[in-house]
Amino acid sequence: MYNSIKKFLSLYHHLALPGIGNFSVEKIPAHIDFANRSIIAEKSKIIFSNDKLPAEKKFYNFLSQDLNIDETDTVRAFTNFTTQL
């Protein structure tokens with residue numbers, strides 16, 4: 001389950017975990033540090049907010065395909081996973 005969640009977050013840059021909160025990926029652009037004569041590469045930062053939003057249909061479809069199980073079993077497995085967290 002962890003690998004599927006990580007894969008979804010890296011592809012879509014947003015994930016709602018019911019009862020836990022939301023994770024979003026924020027891009028920090030590359031920039032030049034003239035004082036130190038260096039170029040700082042682009043970075044990704046994961047932001048957590050405790051807004052309680054339901055998981056999106058797109059996430060359940062993705063998870064169902066990634067785990068190769070039907071959507072009903074996917075919802076059940078994901079609900080059990082978030083409950084354990």
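In the predicted model, the buried residues of helix H3 are covered by elements that include helix H1 (2-12), strand S1 (14-17) and helix H2 (57-67). The buried residues of H3 are Thr74, Phe78, Phe81 and Thr82. These four residues lie on the same side of H3, because they cover an arc of only 90° around the helix axis. The face turned away from this buried side carries the exposed residues Thr72, Thr83 and Gln84. Helix H3 itself runs from residue 71 to residue 84, a stretch of 14 residues. From its first C-alpha to its last, H3 reaches 20 Å, close to the 20 Å expected at 1.5 Å a residue. At the start of H3, Asp70 places a side-chain oxygen within 3.2 Å of the backbone nitrogen of Thr72.

Salt bridges were then considered. Side chains of opposite charge can pair when their charged atoms come close. The count in this model comes to 3 salt bridges. One of them joins the side chains of Asp66 and Lys7, with an N to O distance of 2.8 Å. Asp66 belongs to helix H2 and Lys7 to helix H1, so this pair ties together parts that are 59 residues apart in sequence. Both partners are in the intermediate class of accessibility: Asp66 is partly exposed, with a relative accessible area of 30%, and Lys7 is partly exposed, with a relative accessible area of 39%.

Another salt bridge is formed by the side chains of Glu71 and Lys57, at 2.6 Å from N to O. Here Glu71 lies in helix H3 and Lys57 in helix H2, so the pair ties together parts that are 14 residues apart in sequence. Glu71 is partly exposed at a relative accessible area of 27%, whereas Lys57 counts as exposed at 52% relative accessibility.

The salt bridge between the side chains of Asp73 and Arg76 has an N to O distance of 2.8 Å. Both of these residues lie in helix H3, where they are 3 residues apart, about one turn of the helix. An α-helix has 3.6 residues a turn, so residues three or four places apart point the same way. Asp73 counts as partly exposed, at 32% relative accessibility. Arg76 also counts as partly exposed, at 46%.

Asp66 takes part in a further interaction, with Ser4. The side chains of Ser4 and Asp66 are joined by a polar contact of 2.4 Å. Ser4 is placed in helix H1 and counts as buried, because its relative accessibility is 4% and the limit for a buried residue is under 20%. When neighbours within four places in sequence are left aside, Ser4 is in contact with Phe62, Leu63, Asp66 and Leu67.

The strands pair as follows. S1 and strand S2 (residues 21-28) are paired in the antiparallel sense over 4 bridges. In this pairing, Ala16 stands opposite Asn22 in S2. The hairpin of S1 and S2 has 3 residues between the strands, and Gly19 takes a positive phi near 80° in this hairpin. S2 is also paired in the antiparallel sense with strand S5 (residues 43-49), over 7 bridges. Ile28 stands opposite Lys43 in S5.

Backbone angles were examined next. Most residues other than glycine have a negative phi, and most peptide bonds are trans. Arg37 has a positive phi of about 50° although it is not a glycine. Arg37 is found in the loop between strand S3 (31-33) and strand S4 (38-40), and it counts as exposed at 79% relative accessibility. Asn68, likewise not a glycine, has a positive phi of about 60°. The position of Asn68 is in the loop between H2 and H3. At 69% relative accessibility, Asn68 counts as exposed, the limit for that class being over 50%.

Methods:
Residues numbered from 1 in each chain as written. Predicted model: local features only at pLDDT ≥ 70, side-chain atom pairs only at ≥ 80, totals over all residues. Heavy atoms only, no water. Helix = DSSP H or I, 4+ residues; strand = E, 2+ residues; numbered from the N terminus. Expected span 1.5 Å × (residues − 1). Buried < 20%, exposed > 50% of the residue type's maximum accessible area, 1.4 Å probe, protein only. Arc of directions from axis to C-beta. Contact = heavy atoms within 4.5 Å. Polar contact = N/O pair within 3.5 Å; in protein donor to acceptor, adjacent residues only side chain to side chain. Pairing = 2+ DSSP bridges. Salt bridge = Lys/Arg side-chain N within 4 Å of Asp/Glu carboxyl O.
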